[in-house]
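Biologist: Can you walk me through this one? I'd like to start with the surface.

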Amino acid sequence: HYILSGQFTKKSRTFRAEAYYKNYASLVKYDPSLPNYLTTYENSGTGFAYGVDVFWRDKTSIKNGDYWISYSYLESERDYRHYPTSAVPTFVSKHNFSLVYKHWFSAIRSQVGLTYMYGSPRRYNDLNESGFNEGRLRAYNSLNMNVSFLFRQNIIFFASATNVLGYNNEFGYTFSSEKNSQGNYNKEAVVPGADRFFFIGCFITLSKNSQLNQLDKINDQ
């Protein structure tokens, strides 16, 4: 595992970058066609991963504003578990991007936050196509919003909504166990239970210091 990283901080601005390479050996492999108690496990699996992570945060340029941007690039393949050959794992997304912004409105003692997240299409194994893990899901998109109201110095009312634009995200596919009359396996997308999720809550900070609260930590993700 090789890592090269660096960080620069000045006047509430932070830039951080990291490049890495990982080599995997002795990963577990097994035959899924056999019952669990008859499966032969072995440690002949291999794999690799390399990529770059970049992060930038700025608390100075915009008055009462705070934003940060992160991006990651990842290339990876593994030959492990029941994989018949080396392939891109289903959890790998080559490009990931997020933008977070929060702004404090002193006149109404409130903070508004926005978060946008993007993930490039991940792989899945489509039983109706040749090749292994060659299918691709839709890209992941989500725009989230939240509002915090400082009712008292140690009491914050909080409301948030995820995926406010209603992107149709999917996380994989399930396939029927038998082929249909056309010789294909029926498949169904695995999707969230709801396109949007809403939350309302209250944060109360209990401390000897009555001035403490969690406002600076809200939306830090």
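Biologist: Which residues make the nonpolar surface patch?
Modeller: Tyr2, Tyr21 and Tyr50 make a nonpolar surface patch of about 350 Å². Patch members have over 30% relative accessible area and no salt bridge, with nonpolar side chains (Val, Leu, Ile, Met, Phe, Trp, Tyr) joined within 5 Å and like charges within 9 Å. A salt bridge is a side-chain nitrogen of Lys or Arg within 4 Å of a carboxyl oxygen of Asp or Glu. Areas come from the Shrake-Rupley method with a 1.4 Å probe, and for residues only the protein chains shown count as cover.

Biologist: What sort of model is it?
Modeller: This is a predicted model: local features need pLDDT of at least 70, side-chain atom pairs count only at pLDDT 80 or more, and totals for chains, interfaces and linings use all residues. Residues are numbered from 1 along each chain as its sequence is written, and side-chain values use heavy atoms, leaving out hydrogens and water.

Biologist: Is Tyr2 buried or exposed?
Modeller: Tyr2 counts as exposed because its relative accessibility is 62%; exposed means over 50%, buried under 20%, and partly exposed in between (1.4 Å probe, protein chains only). Tyr2 lies in strand S1 (residues 2-10). Strands (E, at least two residues) are DSSP runs, numbered from the N terminus.

Biologist: Switching to rings. How many aromatic pairs are there?
Modeller: The count is 12 aromatic pairs. Rings of Phe, Tyr and Trp (its six-membered ring) pair if their centres lie within 6.5 Å; planes under 30 degrees apart are stacked, over 60 edge-to-face, and the rest tilted. Tyr80 and Tyr83 have ring centres 5.2 Å apart and planes at 70 degrees, so they are edge-to-face. Both Tyr80 and Tyr83 are buried.

Biologist: Which pair links distant parts of the chain?
Modeller: Phe158 and Phe203 form an edge-to-face pair, 5.6 Å centre to centre with 80 degrees between the planes. Phe158 is in strand S10 (residues 155-162) and Phe203 in strand S13 (residues 197-204), 45 residues apart. Phe158 counts as buried because its relative accessibility is 12%, while Phe203 is partly exposed at 33%.

Biologist: And the strands: how do S4 and S5 run?
Modeller: Strand S4 (residues 65-79) and strand S5 (residues 95-105) run antiparallel, joined by 9 bridges. Strands pair if DSSP finds at least two bridges between them. Ser72 stands opposite Asn96 in S5.

Biologist: What about S5 and S6?
Modeller: S5 pairs with strand S6 (residues 110-119) in the antiparallel sense over 10 bridges. Their hairpin has 4 residues between the strands, and Arg109 takes a positive phi near 50 degrees there.
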